[in-house]
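Thanks for sending this one over. Here are my notes, point by point, to read beside the model.

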Amino acid sequence: MKQIPQSHADILAKPAFAHLSTVMPDGSPQASAVWVDTDGSSIVVNSAEGRLKDRNIRRDPRVAISVTDPDNPYRSLMIHGRVVKITNDGADEHINRMAKKYMGVDEYPFRQPGEVRVLYYIEPERVAAMG
């Protein structure tokens, strides 16, 4: 497993929007803007069950993430990795923490009726840092 360079680890602590690419059934890429987090060794993304990225990840765990420093757009991370854990445990609390980080609110405001939140833990396999 590759580590995020210390020189760029702060990007993941900022409210930096990331783009998560998953693999469609026909092999083509699909990219989604996501909020991003880390637990120290894994990249953590929160979504809802049944969305396109959820279906793609469950079928093929290979992903790529690009995230740019919101304070310096010439500084970024590009990560290729694999989803090694998918869980609902703690996902509701996590999306509220992400809403605080990204929006400054205590509770995620875009929840849909019946929505089931899910966490994806991504193990970096290749990491490139720019800037």
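This is a predicted model: local features need pLDDT of at least 70, side-chain atom pairs count only at pLDDT 80 or more; totals for chains, interfaces and linings use all residues.

Leaving aside its neighbours within four places in sequence, which residues is alanine 91 in contact with?

1. Beyond its neighbours within four places in sequence, alanine 91 is in contact with Asn46, Arg117, Val118 and Leu119. Alanine 91 itself sits in helix α3. Its relative accessible area is 0%, so it counts as buried, the cut-off for that label being under 20%.

2. Now for the overall layout. The protein has three helices and seven strands, and along the sequence they come in the pattern α-β-β-β-β-α-β-β-α-β. The radius of gyration is 14 Å, close to the 14 Å that the globule rule gives for 131 residues, so the protein is as compact as a globular protein of that length. Taken along the principal axes, the C-alpha atoms fill a box of roughly 40 × 40 × 20 Å.

3. How far along the sequence do contacts reach? Of the contacts between residues at least 6 apart in sequence, 72% join residues at least 24 apart. As for burial, 41% of the 131 residues are buried.

4. The surface and the charges can be taken together. About 7,000 Å² of the protein is accessible surface, and carbon and sulfur atoms account for 52% of that. There are 17 positive and 17 negative side chains, and the centres of these two sets lie 4 Å apart.

5. Next, the inside. The largest nonpolar core holds 26 residues, and the members touching the most others are Leu20, Ile43, Val67 and Ile122. Elements giving two or more residues to this core are α1 (10-13), β1 (18-23), β4 (43-48), β5 (62-68), β6 (76-87), α3 (91-103) and β7 (117-130). Helix α3 gives the most, with four residues.

6. Isoleucine 11 is found in helix α1. Is isoleucine 11 buried or exposed? Its relative accessibility is 0%, so isoleucine 11 counts as buried. Apart from neighbours within four places in sequence, isoleucine 11 is in contact with Ala16, Val67, Thr68, Asp69, Arg75, Ser76 and Leu77. Between the C-alpha atoms of isoleucine 11 and lysine 101 there are 13 Å, and the two are 90 residues apart in sequence.

7. Last, a residue in strand β6: lysine 85. Its relative accessibility is 44%, so lysine 85 counts as partly exposed; that label covers values between 20% and 50%. Setting aside residues up to four places away in sequence, lysine 85 touches Leu119, Tyr120 and Tyr121. Leu119 is a contact of alanine 91 too. From lysine 85 to proline 61, the C-alpha distance is 9.4 Å, and the two are 24 residues apart in sequence.

How values were computed
Residues are numbered from 1 along each chain as its sequence is written. Side-chain values use heavy atoms; hydrogens and water are left out. The radius of gyration is taken over C-alpha atoms; the globule rule is 2.2 Å times the number of residues to the power 0.38. Buried means under 20% relative accessible area, exposed over 50%, partly exposed in between (1.4 Å probe, protein chains only). Contact means heavy atoms within 4.5 Å. Accessible areas come from the Shrake-Rupley method with a 1.4 Å probe; for residues, only the protein chains shown count as cover. Lys and Arg count as positive and Asp and Glu as negative; His and the chain ends are not counted. The place of a charge is taken as NZ of Lys, CZ of Arg, CG of Asp or CD of Glu. A nonpolar core is a set of buried Ala, Val, Leu, Ile, Met, Phe, Trp, Tyr and Cys residues joined through side-chain atoms within 4.5 Å.
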